[in-house]
Amino acid sequence: MTSRVLTCLLFSALCALPALGARPVPAPAADGMAMLQRMDTARVQGSPSTLRTELDAQEAKAPRDPMPRVYRAFLALPSDASFSEFKALAVVYPENPWPHVGMGLVYVRWGMLKDAAAPLEVARKAVPGFAPALWVDGLRLQAEGKPVEAEARLREALAKLDVPRFRTDLALLLAGRPGGAAEARALLVRSVKEWPEQPEALQVLSRLAREAGDAKAGAEAGALLVALQPHDREAHRRQAEAWLGAGDKAQAVKMLERYSVLGGADPAVLATWVRLNVDLNRPEDEEKALVRLAAVTPKDPEPLLRLATLAEAKPDAAGTEARLDQAVALAPERADIQARRARLLLKQERFFEAVMAYRAALAAPERPVPEAAEEFAQLSKRLRLPASPAKGTLEQVYDRVSLGLVALYLDHLMEKPELKGNLKVRVDLDATGKATKVVVLYDSLQDVLITHHAQVAFMDAQYPPDSESPVYQYVFRPPR
């Protein structure tokens, strides 16, 4: 009796233990698709290696469970290695539908569509109505150019398992068919809400929204896409256009600035960035955009002229002059730029340089400035410039220039009776006797008109060839 009881207890205990040869249970469709979604997300985010490490750890913890190996093969899809792994797993675990689905998907990605049908059929027989197998079969039918059959198969998969991946692929199919845009958009809205890391879905959703006249929704979908592609400058350019279409200039400016930072160099795009900053009254940001535009349009003076205007408004005289100098160097034949520079120099009482700039403006053939002639005439009158340049020997040049300087000095004595001092200059000459520079060596008189008259007169004078550079000195004292 005791022996029978012990035998029964032992049998019950053995029944309670899992069979040593029990087959691992395949992952449910929902769990497997969730893992595939994680894989796609990891690819978009550039971190598949992290997921691979996780799968390696799972396999080490449960070596008899084939699913970590299955998932790792999906992660490497569609390589030869992934197909080989799926095939090996399908032999060892024929009742597990996932390796068969994997083989089918590899065949679809490789374009071997006839070969894809068999493993997908095996998967559907292993687990009747297995939604992932229906999904891949829908992709196969679509690739074969059978959109109606593909739609039916994808809808069947979605009816059995409502996951973002199935919604997205059905939507992408419908989006390319007449009359399918509205349903495609609705499916994509749901799909990306649950799973935003879908670049293609976001791109199509943005397009569908814009085509439906909903520019704001299109721009919002595009913003999610840009967030997934932070280093794609063309994505930022497209998104700027989307925000402009939605009437949001501030967001468009952000996208264009990022486009520039990423190396965007399309002058038209950068010009739009400039214009939007003008519209938004953001001079500092406009300046940043203009600097970038000037860099990519090295032969166009217009960005430099606008930069000069912004500098002048600060006011920043040095910055204004630097930008105008750059513009003159690019377009020396434009009279308007030369005249603008001349006016700046005149305002700063740098009369010698202003004279030269006005002369350049009057000689420049492009975009003449009619009023520049009168402005130059008034400046010449103010400086008492001679009607014709001094010429002759070094002494004759000195004597001729002296006449104008003395006359100007006597005029100034009427306002400043105590005006006195010395002026000493050096005239650098080339071999032909042409002045190349007039250097003020000493100036205790500190009368800007007299000093600059001397510079202009000596610069204009005609000297004998092969003359040494003369040094001229004047002592100004009121008459007793």
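1. A residue counts as exposed when its relative accessible area is over 50%. In this predicted model, Ala227 has a relative accessible area of 57% and is therefore exposed. Ala227 belongs to helix α13, which spans residues 215-228. Between Ala227 and Ser49 there are 178 residues of sequence separation, and their C-alpha atoms are 21 Å apart in space.

2. Two packed helices are described by the angle between their axes and the distance between the axes. For helix α15 (residues 249-261) and helix α16 (residues 267-279), the angle is about 140 degrees and the axes lie 10 Å apart. Angles over 145 degrees count as roughly antiparallel and those from 65 to 115 as roughly perpendicular, so α15 and α16 are classed as oblique to each other. The handedness of their crossing is left-handed.

3. The residues that form this contact can be listed for both helices. From α15 come Lys249, Ala252, Val253, Leu256, Glu257, Tyr259 and Ser260, and they meet Val269, Leu270, Thr272, Trp273, Leu276, Asn277 and Asp279 of α16. By residue class, the contact of α15 with α16 comprises eight nonpolar, three polar and three charged residues.

4. Ala250 is likewise placed in helix α15. Its relative accessibility is 25%, and Ala250 therefore counts as partly exposed. With neighbours within four places in sequence set aside, Ala250 is in contact with Leu280 and Arg282. Trp195 is 55 residues from Ala250 in sequence, and the C-alpha to C-alpha distance between the two is 27 Å.

5. In soluble globular proteins, nonpolar side chains tend to be buried together. In this model, the largest nonpolar core holds 65 residues. The members that touch the most other members are Met39, Phe74, Phe86, Trp98, Trp135 and Phe166. Phe166 may be taken as an example: neighbours within four places in sequence aside, Phe166 is in contact with Met33, Ala131, Pro132, Trp135, Ala157, Leu158 and Leu161. Another core, of 42 residues, lies apart from the largest one and includes Tyr409, Leu423, Tyr463 and Tyr472.

6. Two cis peptide bonds should be noted when the backbone is inspected. The bond from Leu77 to Pro78 is cis, with omega near 5 degrees. Pro78 sits in the loop that runs between α4 (67-75) and α5 (80-92). The bond from Lys314 to Pro315 is also cis, with omega near -5 degrees, and Pro315 lies in the loop between α18 (302-313) and α19 (317-330).

7. Positive phi values in residues other than glycine form the next topic. Gln446 has phi near 55 degrees, a positive value in a residue that is not glycine. Gln446 is located in the loop between β2 (435-443) and α24 (448-460). With a relative accessibility of 60%, Gln446 therefore counts as exposed.

8. Asp466 is a further case, with phi near 60 degrees, again a positive value in a residue other than glycine. The loop that holds Asp466 runs between α24 and β3 (471-476). The relative accessible area of Asp466 is 67%, so Asp466 is exposed.

How values were computed: Residues numbered from 1 in each chain as written. Predicted model: local features only at pLDDT ≥ 70, side-chain atom pairs only at ≥ 80, totals over all residues. Heavy atoms only, no water. Axes fitted to C-alpha atoms, helices over the stretch in contact; angles between N-to-C directions. Helix = DSSP H or I, 4+ residues; strand = E, 2+ residues; numbered from the N terminus. Parallel < 35°, antiparallel > 145°, perpendicular 65-115°, else oblique. Left-handed = near helix turned anticlockwise from the far one by under 90°. Contact = heavy atoms within 4.5 Å. Nonpolar A, V, L, I, M, F, W, Y, C, P; charged D, E, K, R; others polar. Core = buried A, V, L, I, M, F, W, Y, C linked by side-chain atoms within 4.5 Å. Buried < 20%, exposed > 50% of the residue type's maximum accessible area, 1.4 Å probe, protein only.
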